[in-house]
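Hi,

Here is the structure I promised to pass along.

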Amino acid sequence: MAELTINGATSNGVTGVETEVKEKLCRRCKQSYDPSKNTTSSCRFHPSFFVCRRHDDQKRYYELGPDDPPYAAKFYDCCGAEDPDALGCTTAFHVSYDDELII
């Protein structure tokens, strides 16, 4: 007796076609990634916010914009990087929007 095949699945429930891996979007770094290649160093991000306020050390010169108050400084609160496009200071697994976020 011949088996019926529909969309790669046979009548006995065994599929003959591999499932295509869908890329996911990381909620931390906003990069697309393959979940099967996700490692502890795949995602590079800042775990804190880019803030505009007085820095704790009060000893550094900051480049301020014309609308910034004279006492303000802009930097990542986690590492002190002053460039909003600075490479992340922390690495970890990518976390998709489907996953529960644990930092």
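Cys26 is buried at 0%, while Cys78 is partly exposed at 30%.

Before going on, some housekeeping. This is a predicted model, in which local features need pLDDT of at least 70 and side-chain atom pairs count only at pLDDT 80 or more, while totals for chains, interfaces and linings use all residues. Residues are numbered from 1 along each chain as its sequence is written, and side-chain values use heavy atoms, with hydrogens and water left out.

How far to trust it? pLDDT is the predictor's confidence in each residue, from 0 to 100. The protein averages 76, and 59% of the residues score at least 70. Over residues 1-11 the pLDDT is below 50, and that stretch has 13 contacts in the model beyond near neighbours in sequence (contact means heavy atoms within 4.5 Å). Where pLDDT is low, the predicted coordinates should not be read in detail.

Now the overall picture. The protein has eight strands and zero helices, going by DSSP runs numbered from the N terminus (strands are E, at least two residues; helices are H or I, at least four). Buried residues make up 24% of the 103 residues. Of the contacts with a separation of 6 or more, 55% are between residues 24 or more positions apart.

Back to the cysteines for a moment, as they turn up in the largest nonpolar core. Such a core is a set of buried Ala, Val, Leu, Ile, Met, Phe, Trp, Tyr and Cys residues joined through side-chain atoms within 4.5 Å. The largest has six residues: Cys26, Cys29, Tyr33, Cys43, Phe45 and Ala92. Leaving aside neighbours within four places in sequence, Cys29 is in contact with Cys43, Arg44 and His94.

Next, Lys30, in the loop between strand S3 (24-25) and strand S4 (32-33). Its phi is positive, about 65°, although it is not a glycine. Lys30 is partly exposed, at 48% relative accessibility. Ser96 is 66 residues from Lys30 in sequence, yet the two are 9.1 Å apart in space, C-alpha to C-alpha. Is Ser96 buried or exposed? Buried, at 1% relative accessibility. Ser96 lies in the segment after strand S8 (90-92) and touches Lys24, Leu25, Arg27 and Tyr33, not counting residues up to four places away in sequence.

Last, the aromatics. Rings of Phe, Tyr and Trp (its six-membered ring) pair if their centres lie within 6.5 Å; planes under 30 degrees apart count as stacked, over 60 as edge-to-face and the rest as tilted. The count comes to one pair. Phe50 and Tyr76 are edge-to-face, 5.0 Å centre to centre with 65° between the planes. This pair links distant parts of the chain, with Phe50 in strand S6 (residues 50-53) and Tyr76 in strand S7 (residues 73-76), 26 residues apart. Phe50 is partly exposed at 32%, whereas Tyr76 is buried at 12%.

Cheers

Terms used:
Buried < 20%, exposed > 50% of the residue type's maximum accessible area, 1.4 Å probe, protein only.
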